[in-house]
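Work through the exercises below with the sequence and the model side by side. Each task is followed by a worked solution.

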Amino acid sequence: MSDVRWVSHPVASIGGTLTVPGDKSISHRALLLGAVADDPVLVRGFLAGEDCLATRHALEQMGVRVEDREDGSLAVHGAGPESLRASTSPLDLGNSGTGIRLLTGLLAGLPIDSVLTGDPSLRRRPMERVAVPLRAMGADIVTSDGCPPITIRSSGRLRAIDYTMPVASAQVKSAILLAALNADGQTTIRQPAVSRDHTERMLQTLGAEVSGDDTEIRLTGPCRLGGGEIGVPGDFSSAAFFVVAGLLAADHGLTIEGVGINPTRIGLLKMLQAMGGEIEIAAPRMLGQEPVADIRVRRSRLVGIDVEQAWVPLAIDEFPVFFVAAAAASGTTRVSGAAELRVKESDRIEAMASALETVGIRVETASDGMTVHGGQMTGGTLDSHGDHRIAMAMAVAGLISRSPITIGDTANAATSFPGFAAAAAGVGFNICEERGP
Ligand code: S3P
């Protein structure tokens, strides 16, 4: 397989204005909810990244019609949950944890059999966290030693549950909510901490009644969804690379426009502000049910912090680039209560510890976090471990390292941020793409 390497060279300064592609979590949900809605769901700003395209393809394999419209929007022509047909071949969700876990919830209560699988990274990720509550609702789900492939057999109508999640996970919460659409009675989900709430917001857009608060969510089934229009904001998790890049190197400021600032997603901003980062939220507005704004950042003197545990689930995807900010800060930054980082697209504690050590930063890892001692990054050659966010985070590190950072195995960036290298170059990164074995 040919590798795509990035060589990220140090630069004097970056700056300007950019937009980032649509939100991955919201794009997945628009496809999945649209697939079982009774009327068309029009999606503007859909993220055509590999993860969401895998989910789209899986739905198309089950007979869902998804139309690319001339104006760039996507129309998902759902015809109710009963219109989904069993696929003759396994559904391949590629690298996408969101795709496989949410689709498992959606299919759990439908009268069809399915097999869900993915790439080698996804086939190592834990799936019992969704299978356990779905089985309690009456679903027939078998995992392979806790991982994909997942086999779902038709098991008749589901029943509602009252479930306390052991970890704060929006994927688990969403899988249960999707199953609850086809279950009899009121499902209640209790979460130990707030997790992203895009599913709840979108269900409301499509006419479902979801009640509760930050830690307890209720939905009464069976529940039909209507059609509607979903605007997808720029993905905060993609903007995060430029937020940190701007704090490290934007002498005259950097603006990222049209970014989703849902409060369940922006823990990173709180963490960076606590470190002394100059961050301005400009022109806040609503895009449907989701808050959006322009984020302005400028080069700041960052100081290490102890990260509050309550921020962790609100920043769960941003830790790779947060660790880069910690490496660039003076003093020590400590993160704990973040064991979930070990079961993402890679083990993000080990992958980032090894990446930062390669460029001369001293770190100590723990089972649930990492301590980073800020310092001058040298340069070096490292591997992304096939993880898009490790690749992009270390490209940001290259801005201020003493010599270039070369990152191998970066093609995976296309799962969440197609065109990252070009977007980065557009605001002044000196990043070269090299292809070869
Ligand atoms: C996601 C939830 C998070 C996050 C993932 C996307 C979602 O996972 O890490 O990238 O779209 O619901 P968990 O909910 O399992 O923490």
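This is a predicted model: local features need pLDDT of at least 70, side-chain atom pairs count only at pLDDT 80 or more; totals for chains, interfaces and linings use all residues.

**Exercise 1. Overall dimensions**

Task: Decide why the radius of gyration of the protein agrees or disagrees with that of a compact globule.

Solution: 
- Start with the chain length: for 437 residues, a compact globule would have a radius of gyration near 22 Å.
- The protein has 21 Å, so the value agrees with the globule rule.
- The C-alpha trace spans about 60 × 45 × 45 Å along the principal axes.
- The secondary structure comprises 12 helices and 24 strands.

**Exercise 2. Domains and their contact**

Task: Find the domain bounds and describe the area buried between domain 1 and domain 2.

Solution: 
- Domain 1 is made of two segments, 3-22 and 233-436, while domain 2 covers 24-231.
- The C-alpha centres of domain 1 and domain 2 are 28 Å apart.
- With contact taken as heavy atoms within 4.5 Å, 27 residues of domain 1 and 26 residues of domain 2 take part.
- Together the two domains bury about 2,200 Å², with 47% of that area on carbon and sulfur atoms.
- On the domain 1 side, Gln289, Glu345 and Thr415 supply 25% of the area buried against domain 2, more than any other three residues.

**Exercise 3. Polar and charged pairs at the interface**

Task: How many salt bridges and polar contacts link domain 1 and domain 2, and which elements of domain 1 give two or more residues to the side that touches domain 2?

Solution: 
- The rule finds 3 salt bridges across the interface.
- A salt bridge needs a side-chain nitrogen of Lys or Arg within 4 Å of a carboxyl oxygen of Asp or Glu; Glu340 and Arg129 form a salt bridge with an N to O distance of 2.8 Å.
- Polar contacts between domain 1 and domain 2 number 13 residue pairs.
- Two or more residues come from each of β18 (290-298) and α11 (388-397) on the domain 1 side.
- That side of domain 1 divides into 11 nonpolar, 8 polar and 8 charged residues.

**Exercise 4. Backbone details**

Task: Where do Pro149, Pro222 and Ala283 lie, and what is to be noted in the backbone at Ala283?

Solution: 
- Pro149 is in strand β9 (residues 147-153), and the peptide bond from Pro148 to Pro149 is cis, with omega near 0°.
- Pro222 sits in the loop between β14 (216-221) and β15 (228-231); a cis peptide bond with omega about -5° joins Gly221 to Pro222.
- Ala283 belongs to strand β17 (residues 278-287). Its phi is near 50°, a positive value in a residue other than glycine.

Key
Residues are numbered from 1 along each chain as its sequence is written. Side-chain values use heavy atoms; hydrogens and water are left out. Domain bounds come from an automatic or database domain assignment. Buried area is the accessible area (1.4 Å probe) that two parts lose on being put together, summed over both. A polar contact is a pair of N or O atoms within 3.5 Å; within protein, one must be able to donate a hydrogen and the other to accept it, and residues adjacent in sequence count only if both atoms are side-chain atoms. Helices (H or I, at least four residues) and strands (E, at least two) are DSSP runs, numbered from the N terminus. Ala, Val, Leu, Ile, Met, Phe, Trp, Tyr, Cys and Pro count as nonpolar, Asp, Glu, Lys and Arg as charged, and the others, Gly among them, as polar. The radius of gyration is taken over C-alpha atoms; the globule rule is 2.2 Å times the number of residues to the power 0.38.
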